[in-house]
Amino acid sequence: MGGTSNSLVYTYVAAAVPVISGLSPSSGPVSGGNLVTVSGSNLAGAISVKFGNNPATVLSNTATVIVVSAPAGPPSATTVTVTVTTAGGTSNPLPYFYVAAPTVNDLSAHLGPATGGNTVAVFGSNLTSASAVSFGGIPATAVLVVSDSQLTATAPAGAGTVVVTVTTPGGTSTPATGNPYYTYLGAPVLTGLTPSHGPDLGGDAIVLGGSNLTYTDAVTFGGVRAPFAAVSDTQVVATSPGGAPGTVNVVAHTPAGNSNTLPYVYDPS
């Protein structure tokens, strides 16, 4: 007949409770979808990684590192706790901050030289954590956050009309609202004055011919401002101010800078 075998010892070992020590990054967009690395110990065999009550998608898992795709968070910026659950239990919590996406709704100014180098103020919302500003995809430099609704940046060189965007842990702004557009201008050029002389009492209509003159914002005769009207990109009509007999330099100015100079002669009355 059969019977019962001899016995052997079997020991139940409690699975170690997971411990998390770091999140990288520790903040991200409310839309989720960004990669977050969870560091710690006893993380193998993770059953779930939760951001608040929302489960993340686990992409890779070792005993010390879990990489997840963060789930979407609440509709507005807030802090939640991240936990890891394994067969050993649920870890300690670590805070994770959901950041609202930045917006850009205005600039000061909207025009500047093609060479860049000028300072542009950017207005919007959720700008405090700005990590980058770009003009048509070209990075700006010297980004300085003034407040959650304003920052300044040095424009890079560029051409045409571009969208200015701000990037934060909450994502990159989109041109959905306001006026985030910036136009690069070629430097103004003067090629002729008609006439090139007139009475020292002033009052004559002088046609300034050239290029890149559409955005002319000042015309000077020997440093004296003259009334003017920009007729086209190639023509400005100015009224000569009074001046001492002799030759002075005429200059047109736009947001791209000063033009070259052309001589204008004041005839003695």
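Let me start with terms: two strands count as paired if DSSP finds at least two bridges between them. Strands are DSSP runs of E, at least two residues long, and helices are runs of H or I of at least four, numbered from the N terminus.

What you have above is a predicted model, where local features need pLDDT of at least 70, side-chain atom pairs count only at pLDDT 80 or more, and totals for chains, interfaces and linings use all residues. Residues are numbered from 1 along each chain as its sequence is written, and side-chain values use heavy atoms, with hydrogens and water left out.

I'll take β28 to begin with, residues 246-254. With β30, residues 262-267, β28 pairs antiparallel over five bridges. Within that region, Asn249 has Pro263 in β30 as its bridge partner. Thr254 has Gly257 in β29 as its partner. Two residues lie between β28 and β29, and the two strands form a hairpin.

Now the open sheet. Four strands run in the order β21-β23-β27-β26, with antiparallel pairing. At the edges sit β21 (189-194) and β26 (228-232), each pairing on one side only. From one strand to the next the twist averages 25°, with axes being lines fitted to C-alpha atoms, for helices over the stretch in contact, and angles running from 0 to 180 degrees between N-to-C directions.

Last, β23 (residues 205-211) and β27 (residues 235-239) are antiparallel and joined by five bridges. Leu208 stands opposite Val236 in β27.
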